[in-house]
Each structure stands twice: as structure tokens, then as C-alpha cells.
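Biologist: I am new to this structure. Please show me how to read it, starting with a single residue and its surroundings.

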Amino acid sequence: MVVDGGVVVASGAASDVEPPDEIEEIVLDGFLMPAVADRHVHIELSDSASVLLRGVTAVRDLAWPAERIFPLAGASELPSYNGPLIRATGPMLTGPGGYPTLDGWAPSGTGRELKDADDAADAVRELAGRGAAAIKVSLNAEAGPTPSDAELMTICETAHASDLQVTVHAQGRGQVERALGAGVDELAHTPWVRLSDDVVAAAARQLRIVSTLDILSFGRDTPQVRTALDNLRRFHTSGGSVVYGTDLGNGPIPPGIHTREAILLAEAGLEYEEVLEAMVRASLQPGAPADLLVTTRSPLDDLHALDELLLVARAGRIVFAH
């Protein structure tokens, strides 16, 4: 693989790739793959440097005060930043007094309380103007009021007009159905209340799911993770799209690659190759970001190989070498 200017310029068998005349050559005996993207984090509740050193070169922060997370996302684009590239939603849109405005983990401003549909449209446009990567909505009916159906539909319409997707924390019976009816693009968690086959099939046609399975178990076997695995297994079988996310910052989830999350994805029915596809930032084609991992052996044979890193590179810059 040849990297220049932070992107991949060529890849393939050594005999087929002609390197430039002046180049730093690195030869490793291991398995080369794209680096990992974690699509559900709360990055200020973890350690950015450890996230990067453990193989995650890009993250998506799904709820944090706008005045803190958007400047941090901008700083993460600089070569001097010691952490992953950060994309962010800013605050979660919620009902008056709704989740997460009263939760201890969330600083003031993590939730944006909506007054009506017009206010919902204004909130989406404001976040789009600040560079939000998506719009996050709280449909956590177990923890407080949620946006109304009119507000939820307005959020989706306004976000889609700005080419932004809407991701939802759906918790409580009937909330996934509300998300589907409004045109939501993604569930930020695998639901841990059992969904009917009809709802699973509709979800598989319309949206993708961010895994976050281990926050329901933290290494243990629990009824919640069993229900979520059943939902995700049926969703995947129905052709639904699944991406890797850990909800880093929630409990004892470790920074960087969380191999247990990958193993749970396999338990949900994904083949090992599908697990890796769900985890990586981008395939290593010419023009792709040169975000790379080298492991001692192939995770296509054993996912525990993701714990055995030899090298991590972000935008062509080596940040860890064993």
C-alpha cells in the first residue's frame, strides 16, 4: 500500500504497486486493514488519545453541548490533535424536561428542549449551520417527555432538506414505530424491547442500526442483551444495515476497539467479514483516508486478533507501532 498526503494512492500485491522514488518504507508481518470508526460515542467522557492508540481513528459524538463539541470536532481535523477525527451531532433534541436534560452524565446543553414544530425546525437549521454530522433525537419515553409526532416529522423533513440524517435514541414501547412513521434514518442503539417481525422488517427496509450491544451487559449475560441480540439478528436476516458503535462514555466501555462489541455482532448473525465491514471507516481504495491498522493475525479467523495491534495510522501518520 502506498500512502501520500494522508490518503491511499495505490494498494495491491507488492509486485503490482510501483512506489515513488523517495518514500519511507514500512514492512510488517501482519494483517493490514482499515482502521475502525465508532459511530456512537460521548468523547469527552473518555480519553481521546487512548481511543486513537487502540485503533479507532474516527468517531461520531451523539450528544454533547454545542459550545464544547463543535470546536473540539474542528480541532480534531488538525494534525496536532492527539485523538480520532470527530464528527458530532451537538445536543440531542428532546421534549421539555426530557432525556437527557435531567441525567447526571449529561452536562447542561446536552439536550435541546423543543417548544413546538417551528422551534424544532429552527433547532435543526441551527445545528446544520454549525456543521452537525447528523441530528440526534431523544425518543426515550421511559425517562421523560419526548418530541411530539409533529415535531419529529418536522425534524426529519428539515434535516433531510439539509442532507442530514436523523438518528434516534428509541426507548420505550412504541418508540421505534414512531421513528419509522416519521422517516428516521437510524437507531442509535439496538432496541432492547422485543420488536415484532413486522416492525423489524419495516426497519430493515428504512434505516440502519448502531449496535451498542455491550452497554446492555458490560461483559455479562443479561436479559436485555439477549433481547437486543434477537432484534438485531432478525434485522440483519431481513437485510438491514448494521454499523459498529459502543456508546463510549457509558459505563466501563474501554476506549478504542471494543472486541466484545465485535463478538456480540457475530453472535447476532454477522459473518466475521460483515463484522469488520460494520466497524471500519472506509475501504482501502485509492483516494480513501489512510487510516490503517495492522494486527498480528487475521480477525477474519478470530475477532480477538483486534486486540493484537502492531500499527495504527491516522491520515497516513503513524500514531502507534509495536
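Modeller: Leaving aside residues up to four places away in sequence, Gly256 touches Ser50, Val51, Arg54, Val56 and Tyr244. Contact here means heavy atoms within 4.5 Å. The model is a predicted one, in which local features need pLDDT of at least 70, side-chain atom pairs count only at pLDDT 80 or more, and totals for chains, interfaces and linings use all residues. Residues are numbered from 1 along each chain as its sequence is written, and side-chain values use heavy atoms, with hydrogens and water left out.

Biologist: Where does Gly256 lie, and is it buried or exposed?

Modeller: Buried means under 20% relative accessible area, exposed over 50%, and partly exposed in between, with a 1.4 Å probe and protein chains only. Gly256 has a relative accessible area of 4%, so it is buried. Gly256 lies in the loop between β13 and α8. Such labels follow DSSP runs numbered from the N terminus: helices are H or I with at least four residues, strands are E with at least two.

Biologist: How many residues apart along the chain are Gly256 and Arg54, and what separates their C-alpha atoms?

Modeller: They are 202 residues apart along the chain, and their C-alpha atoms are separated by 4.3 Å. For another pair, take Asp122 and Leu284: these are 162 residues apart along the chain, with 39 Å between their C-alpha atoms. Asp122 is found in helix α3 (residues 117–129) and is partly exposed, at 40% relative accessibility.

Biologist: Which residues does Asn250 touch?

Modeller: Asn250 touches Ile215 and Phe218, again not counting residues up to four places away in sequence. The loop between β13 and α8 holds Asn250, which is partly exposed with a relative accessible area of 30%.

Biologist: Now the whole protein. How many helices and strands does it have?

Modeller: There are 9 helices and 16 strands. The radius of gyration, taken over C-alpha atoms, can be set against a globule rule of 2.2 Å times the number of residues to the power 0.38. For this protein the radius is 20 Å, close to the 20 Å that the rule gives for 322 residues, so the protein is as compact as a globular protein of that length. Its C-alpha trace spans about 60 × 40 × 35 Å along the principal axes. Of the 322 residues, 52% count as buried. Among contacts between residues at least 6 apart in sequence, 65% join residues at least 24 apart.

Biologist: How should I read a helix that has a buried side?

Modeller: An α-helix has 3.6 residues a turn, so residues three or four places apart point the same way. In helix α9 (residues 272–279) the buried residues are Val275, Leu276, Ala278 and Met279. They cover an arc of only 160° around the axis, which puts them on the same side of α9; the arc is that of the directions from the helix axis to the C-beta atoms. The face turned away from that side carries the exposed residues Glu273 and Glu277. The buried residues of α9 pack against β3 (31–34), β4 (36–41), β13 (241–243) and α8 (259–267).

Biologist: How many residues of helix α5 are buried?

Modeller: Helix α5 (residues 175–182) is mostly covered, with 6 of its 8 residues buried. These are Gln175, Val176, Arg178, Ala179, Leu180 and Ala182. Their cover includes β9 (135–140), α4 (149–161), β10 (166–171), β11 (186–187) and α6 (197–206). Just after α5, Gly183 takes a positive phi of about 95°.

Biologist: What is phi in Ala63 and in Thr212?

Modeller: Ala63 has a phi near 135°, a positive value in a residue other than glycine. Ala63 sits in the loop between β5 (56–61) and α2 (66–75) and counts as buried at 0% relative accessibility. Thr212 is not a glycine, yet its phi is positive, about 45°. Thr212 lies in the loop between β12 (208–210) and α7 (223–237) and is buried, with a relative accessible area of 1%.

Biologist: Which residues does a cis peptide bond join?

Modeller: The cis bond joins Tyr99 and Pro100, with omega about 5°. Pro100 is in the loop between β7 (92–94) and β8 (111–113).
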